[in-house]
Amino acid sequence: MDQKDLRLWEARCIQEEQPRCQAACPLHVDVRALCGHLAEGKADRAWSVLAKTMPLPAILARICDAPCQKACLRTETDGPENGLRIHALERFCAEQTSKPGRILPLPAKNKSAAVLGTGLAGLSAAWELARKGFSVTLYGPRIQGLLAGLDEGKLPAEILDQELERLARLGAGRSEDLPSPKDALESHDVVFVDPEAARDDEYGPADPLSLGTQWPGLFSGDPTVVDLASPVALASLGRRAANSMERFVQGASLTSGREKEGPFETRLFTNNRRRGARPARHRPRGRVRVRRPGQGRGGPLPGLPVPGVREELRVPGAL
């Protein structure tokens with residue numbers, strides 16, 4: 001078998017395809033692993049799934065709009081409005097954990113990046129760039145856009161302060177003086193313009209895949225394309241920009257192999273009814289019961305096998 005035939009057969013394999021919920025998430029959070037750890041009563045491990053995938057996890061886990069819920073396979077047995085309440089589970093993890101998680105950035109690249117704007121996309125881009133070893137400077141007010149409009153109940157000021165401090169410890173500098181994209185490009189290797197902060201048609205439309213513009217090294221999110229009301233879409237936009245900026249300084253292709261970087265249609269198929277999935281029994285007061293062998297039938301998270309002893313997790317708003 002030659003190399004071409006081997007690649008064709010390899011492309012037919014769906015074993016490594018992501019499940020539908022994970023593929024629907026712009027950041028590709030491993031929802032099955034998250035639910036599995038929670039079903040075992042291991043909230044810290046569940047939090048680690050979010051912390052290693054999300055930029056600014058303590059913020060995003062609290063405000064994520066969870067597009068994965070609409071893709072949940074439980075909707076096929078429980079009805080379109082009754083998928084697992086992933087948003088509630090994410091917030092529960094964020095509120096229960098006592099460990100923010102250690103961040104280990106890559107070695108310095110000796111490349112500088114400017115992020116013009118401090119909306120969620122800009123902050124997420126700065127987070128990802130700092131982790132990749134860039135020298136990053138954020139230009140603009142402390143926060144703006146969607147984040148600036150959230151109340152204390154949705155995002156406590158203490159949590160916001162802590163996460164911005166973690167971003168600073170990663171090495172992201174700040175300046176309230178917002179330069180023009182052209183001036184920023186003259187003093188930095190790469191620049192990202194946050195769509196919540198500013199938009200200048202001088203550099204032309206942004207490519208939807210790479211976010212590249214007519215000016216080499218300048219990347220921008222198009223506010224007419226991205227959903228500015230979706231926190232996870234904005235965070236994903238920031239990550240996409242950071243990936244493009246890294247490729248640019250490496251001299252790599254800005255578009256190759258990026259078809260599954262955002263939400264995509266997975267080829268993985270799961271037959272719920274053949275696997276014996278049953279409609280979930282929704283319980284009052286947002287309780288998630290965990291069943292463990294020898295302790296009765298309880299009521300586990302729908303569709304999840306649960307080892308161990310029976311216990312109960314209280315998750316506000318879940319189920």
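Predicted model: local features only at pLDDT ≥ 70, side-chain atom pairs only at ≥ 80, totals over all residues.
Me: How many helices and strands does the secondary structure of the chain come to?
Reply: The chain has 319 residues, of which 49% are buried. Its secondary structure comes to eleven helices and seven strands.

Me: Among contacts between residues at least 6 apart in sequence, what percentage join residues at least 24 apart?
Reply: The count concerns contacts in the chain between residues that are at least 6 apart in sequence. Of these, the share joining residues at least 24 apart is 70%.

Me: Are α3 and α4 roughly parallel or roughly antiparallel?
Reply: Helix α3 spans residues 31–39 and helix α4 spans residues 43–51, and their axes lie 7 Å apart at an angle of about 165°. Angles over 145 degrees count as roughly antiparallel. Therefore α3 is, relative to α4, roughly antiparallel.

Me: How many nonpolar residues are in the contact of α3 with α4?
Reply: From α3, the contact draws on Ala33, Leu34, His37 and Leu38, which meet Ala43, Arg45, Ala46, Val49 and Leu50 in α4. One of the residues in this contact is polar and one is charged, while the number of nonpolar residues is seven.

Me: How far apart in space are Val31 and Glu90, C-alpha to C-alpha?
Reply: In sequence, Val31 and Glu90 are separated by 59 residues. In space, their C-alpha to C-alpha distance is 9.6 Å.

Me: Are α4 and α7 roughly parallel or roughly perpendicular to each other?
Reply: The axes of α4 and α7 come within 9 Å and cross at roughly 110°. Angles of 65 to 115 degrees count as roughly perpendicular. The two helices, α4 and α7, are therefore roughly perpendicular.

Me: Which residues of α7 make the contact with α4?
Reply: The crossing of α4 past α7 is left-handed. On the α4 side, the contact is made by Ala43, Ala46, Trp47 and Leu50. On the α7 side, the residues are Glu90, Phe92, Cys93, Ala94 and Gln96.

Me: Is the crossing of α8 past α11 left-handed or right-handed?
Reply: Helix α8 covers residues 120–131 and helix α11 covers residues 231–250, with axes that come within 7 Å and cross at roughly 40°. The two helices α8 and α11 are therefore oblique to each other. The crossing of α8 past α11 is right-handed.

Me: How many charged residues are in the contact of α8 with α11?
Reply: In α8, Leu120, Ala121, Ser124, Ala125, Glu128 and Leu129 take part, and among the residues they meet in α11 are Pro231, Leu234, Arg239 and Met245. The contact divides into ten nonpolar and two polar residues, and the number of charged residues is two.

Me: Which residues is Gly173 in contact with, leaving aside its neighbours within four places in sequence?
Reply: Gly173 has its place in strand β3, residues 173–175. At 26% relative accessibility, this glycine counts as partly exposed. The residues in contact with Gly173 are Val136, Thr137 and Leu138.

Me: What is the phi of Leu56?
Reply: Most residues other than glycine have a negative phi. Leu56, in the loop between α4 and α5, is buried with a relative accessible area of 0%. Its phi is positive, near 45°.

Me: Is Asn110 buried or exposed?
Reply: Asn110 lies in the loop between α7 and β1. Although Asn110 is not a glycine, its phi is positive, about 60°. Its relative accessible area is 73%. The cut-off for exposed is over 50%, so Asn110 is exposed.

Key: Residues numbered from 1 in each chain as written. Heavy atoms only, no water. Axes fitted to C-alpha atoms, helices over the stretch in contact; angles between N-to-C directions. Helix = DSSP H or I, 4+ residues; strand = E, 2+ residues; numbered from the N terminus. Parallel < 35°, antiparallel > 145°, perpendicular 65-115°, else oblique. Contact = heavy atoms within 4.5 Å. Nonpolar A, V, L, I, M, F, W, Y, C, P; charged D, E, K, R; others polar. Buried < 20%, exposed > 50% of the residue type's maximum accessible area, 1.4 Å probe, protein only. Left-handed = near helix turned anticlockwise from the far one by under 90°.
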